[in-house]
Amino acid sequence: MLTTLESAAFPLALNENPYGPLPSVHHALTRALASANRYPEFLPHRLPRLIAARIGCTPERIVVGAGATGVIMQILQAIVAPCGARVVLADPTFDGYPLLTVTVGGHPVLVPLTAQGSQDLDSMAALVDEQTALVVLCNPHNPTGTLLRSHELAGFLDRIDTRITVILDEAYVEFVPPEQRIDAMALLTKYPNVIVVRTFSKAFGLAGLRVGYAISDPRIAARIAHWQVPFGMSILAEVGVQACYAAEDELSQRIRLITNERNRLTAALRGLGYELPDSSANCVFLPLNDPARANQISEAFGRADIRVKQYSTGMRITVGDRAASEAVLASLAGVAPVVLESSA
């Protein structure tokens with residue numbers, strides 16, 4: 001039997017999908033294992049064509065990699081590494097950005113979130129200078145799940161010199177209602193310096209297969225693709241993506257299950273006195289500005305064998321199944337009541 005690296009009773013630290021691959025995707029992957037003795041393409045061509053056909057663009061705009069993290073590394077190698085430039089990003093954000101920026105010789109410029117847990121676009125724009133090569137925005141944001149609206153994003157991009165590349169990380173976009181999503185292709189047409197990054201790790205439940213991709217101007221895509229590793233995308237990656245695209249009804253049901261549980265957990269946490277940002281991802285953010293209280297909660301979670309992601313300003317709790325939510329709520333109910341926590 002396969003085991004996971006995360007052995008906690010309630011592994012809620014990595015924003016994994018708690019339900020595994022969609023049933024039809026699981027079936028397709030199982031059949032594909034018979035070809036595991038064969039190498040994948042030397043450099044991926046079929047997978048970019050498959051993704052491009054789905055989202056309605058040319059394959060030259062698509063670069064695939066080992067999850068969103070692999071794609072981000074390729075972007076940083078192409079854009080930041082040659083000049084050791086600055087990268088402006090929110091703090092906190094996905095850990096991979098500051099870590100990988102330093103790895104390639106770049107310099108992270110960290111901008112605290114607003115009191116509401118949103119990315120501070122005004123402060124970020126003000127810190128962009130001639131030494132800046134890249135700006136990173138997450139939508140929904142990781143770890144708070146807060147959402148940028150189209151007009152907010154456009155207003156920000158209008159202030160950024162087009163010689164500076166902007167990543168729009170949409171790792172959690174499938175959890176956003178369709179009417180609230182930003183039209184990626186229209187955005188790229190107006191702002192060719194933008195790179196949209198997406199993944200099959202979250203809503204699709206394929207974190208272990210490591211499949212991510214970027215959509216960008218073909219000239220930027222060519223620079224990023226230069227850093228692709230030969231044989232870097234497995235045969236299962238292509239099979240998994242194709243099966244995911246054929247499973248729309250299953251995916252919609254899975255997303256409803258997770259978002260309904262997210263909303264239920266949010267309401268229950270607010271009932272305990274916590275002020276949470278509205279989340280559009282598969283997680284909730286518990287703001288904690290009191291270190292003593294944060295330690296109390298960490299100890300309570302430890303006793304219940306609950307793993308969450310901790311930050312200096314709070315905790316990110318992945319939305320799991322109903323049992324996981326009940327464990328979280330029971331643990332918090334055992335901690336001293338909250339009067340009102342400030343959002344972070």
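These legends go with a handful of close-up views of one predicted model. Residues are numbered from 1 along each chain as its sequence is written, and side-chain values use heavy atoms, with hydrogens and water left out. Since this is a predicted model, local features need pLDDT of at least 70 and side-chain atom pairs count only at pLDDT 80 or more, while totals for chains, interfaces and linings use all residues.

**View A. Helices α3 and α4 where they cross.** Here we're looking at α3 (residues 67–79) and α4 (residues 96–103), whose axes come within 10 Å and cross at roughly 40°. Helices (H or I, at least four residues) and strands (E, at least two) are DSSP runs, numbered from the N terminus. Axes are lines fitted to C-alpha atoms, for helices over the stretch in contact, and angles run from 0 to 180 degrees between N-to-C directions. The pair is therefore oblique; that word covers whatever is left after roughly parallel (under 35 degrees), roughly antiparallel (over 145) and roughly perpendicular (65 to 115). On the α3 side, Thr-69, Ile-72, Met-73 and Leu-76 meet Tyr-97, Leu-100, Thr-101 and Thr-103 of α4, with contact meaning heavy atoms within 4.5 Å.

**View B. Ser-325 in helix α12.** Ser-325 sits in α12, which spans residues 322–333. Is Ser-325 buried or exposed? Its relative accessible area is 2%, so Ser-325 is buried (buried is under 20% relative accessible area, exposed over 50%, partly exposed in between, using a 1.4 Å probe and protein chains only). Leaving aside residues up to four places away in sequence, Ser-325 touches Glu-261, Arg-264 and Leu-265.

**View C. Two cysteines, Cys-83 and Cys-283.** Cys-283 is buried at 1% relative accessible area, whereas Cys-83 is exposed at 54%. The disulfide count comes to zero, a disulfide being a pair of cysteine sulfur atoms within 2.5 Å.

**View D. Gly-117 in a loop.** You'll find Gly-117 between β4 (107–112) and α5 (121–126). Gly-117 is buried, with a relative accessible area of 0%. Pro-287 is 170 residues away from Gly-117 in sequence, but the two are 8.7 Å apart in space, C-alpha to C-alpha.

**View E. Ala-304 and its contacts.** Ala-304 belongs to the loop between α11 (291–303) and β10 (306–311), and is partly exposed at 26% relative accessible area. Not counting residues up to four places away in sequence, Ala-304 touches Ala-9, Phe-10 and Ser-331.
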